[in-house]
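User: Hi! I've just opened this one and would like to talk it through with you. Can we start with a strand pair?

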Amino acid sequence: MLTFVFVCLSISVTGLHADFTVVVGSPSVKVKENEGVDLKCSYTADFGATPRIEWKFKDLKGYQFFIYFDGMITAEYEGRITMYDGGLRFNKVTQADSGDYDCEVSGNGGYDEKTINLTVLVPPSKPVSRIPSSVTTGNNVRLTCFDADGSPPSTYRWYKDNTPLPDDPTKFPSFKNLTYKMNVFNGNLEFPSISKLDTGSYLCEASNEEGAPQRGDAVHMEVHDEDNSQAPAVSGNLSTETQNVPSKITMNHILEKQYGIFMLQEVKLKLEIQKLELEITKLKLEVQKLGQ
């Protein structure tokens, strides 16, 4: 009986120590912008005295970069981080450092990795909003609001005539006749079929608990009925002059389309630049490896 108990205890204690294991200090780390932070990563002795250690970073857009590779800090992080036995330290973080950090260890035929999520805390900034000054009844109208700096991402609240709008207007008697839909996470305020009751001064507010809430500029939105009084009677074929007149194309529509094309081209250019930077990093690492 005593032998049986001893064997069970031996098996239980041995099972507490997994082979080839990487351990991180914390899987989730938060730090204020411009402060230093440690990302701790240790490993079991069975990897050997000199295991291969690599650190990779995946940003919030999904792009991945090497931080520490082949025993060297990559060029992009020289002067920014310090490696030590048990982890790495950022001397000063920026918002761009938010993302996932993979600590990978291999040696003696074993391999393991762990991920640390780093969130760099940044107060909200003044949000940029798009609010039309004049709209026609019955149309679907969307007001947008975005804070580009807040980390973690800001949530949003809308105000009409300096009165905060509830997330769900149907739950409040004074707002029950309004039919808007508010998304507090992406900042959209949408009116599926706008009416004259929606006329008013609108502004949005961004907050993330890392600083004082920030408000955008207020814009008065006027809702009016469509004016058909100037529309000519149509009978028979359209005149040549009428055929040459664009139907209800306003300068705002043209500008919005051009702005959208410009933004798309800018995003594509940034993606190409990031791909080139990644290729340059890989080439540098290969050159450093050949030089050894």
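User: Which residue stands opposite Phe57?

Analyst: Tyr101 in S9 stands opposite Phe57. Strands here are DSSP runs of E with at least two residues, numbered from the N terminus. One caveat: this is a predicted model, where local features need pLDDT of at least 70, side-chain atom pairs count only at pLDDT 80 or more, and totals for chains, interfaces and linings use all residues. Residues are numbered from 1 along each chain as its sequence is written, and side-chain values use heavy atoms, with hydrogens and water left out.

User: Thanks! In what sense do S4 and S9 pair, and over how many bridges?

Analyst: Antiparallel, over 8 bridges. Two strands pair if DSSP finds at least two bridges between them.

User: And S4 with S5?

Analyst: That pair is antiparallel over 4 bridges, with Lys56 opposite Phe66 in S5. S4 and S5 form a hairpin with 4 residues between them, and Gly62 in the turn has a positive phi of about 95 degrees.

User: Back to Tyr101: what is it in contact with?

Analyst: Beyond neighbours within four places in sequence, its contacts (heavy atoms within 4.5 Å) include Leu39, Trp55, Phe57, Ile67, Phe90 and Leu118.

User: Switching topic, how many residues are in the largest nonpolar core?

Analyst: It has 24 residues, and Tyr101 is among those with the most contacts inside it, as are Val37 and Trp55. Such a core is a set of buried Ala, Val, Leu, Ile, Met, Phe, Trp, Tyr and Cys residues joined through side-chain atoms within 4.5 Å; buried means under 20% relative accessible area with a 1.4 Å probe, protein chains only. Apart from it lies another core of 21 residues, including Tyr156 and Met221.

Terms used
Buried < 20%, exposed > 50% of the residue type's maximum accessible area, 1.4 Å probe, protein only.
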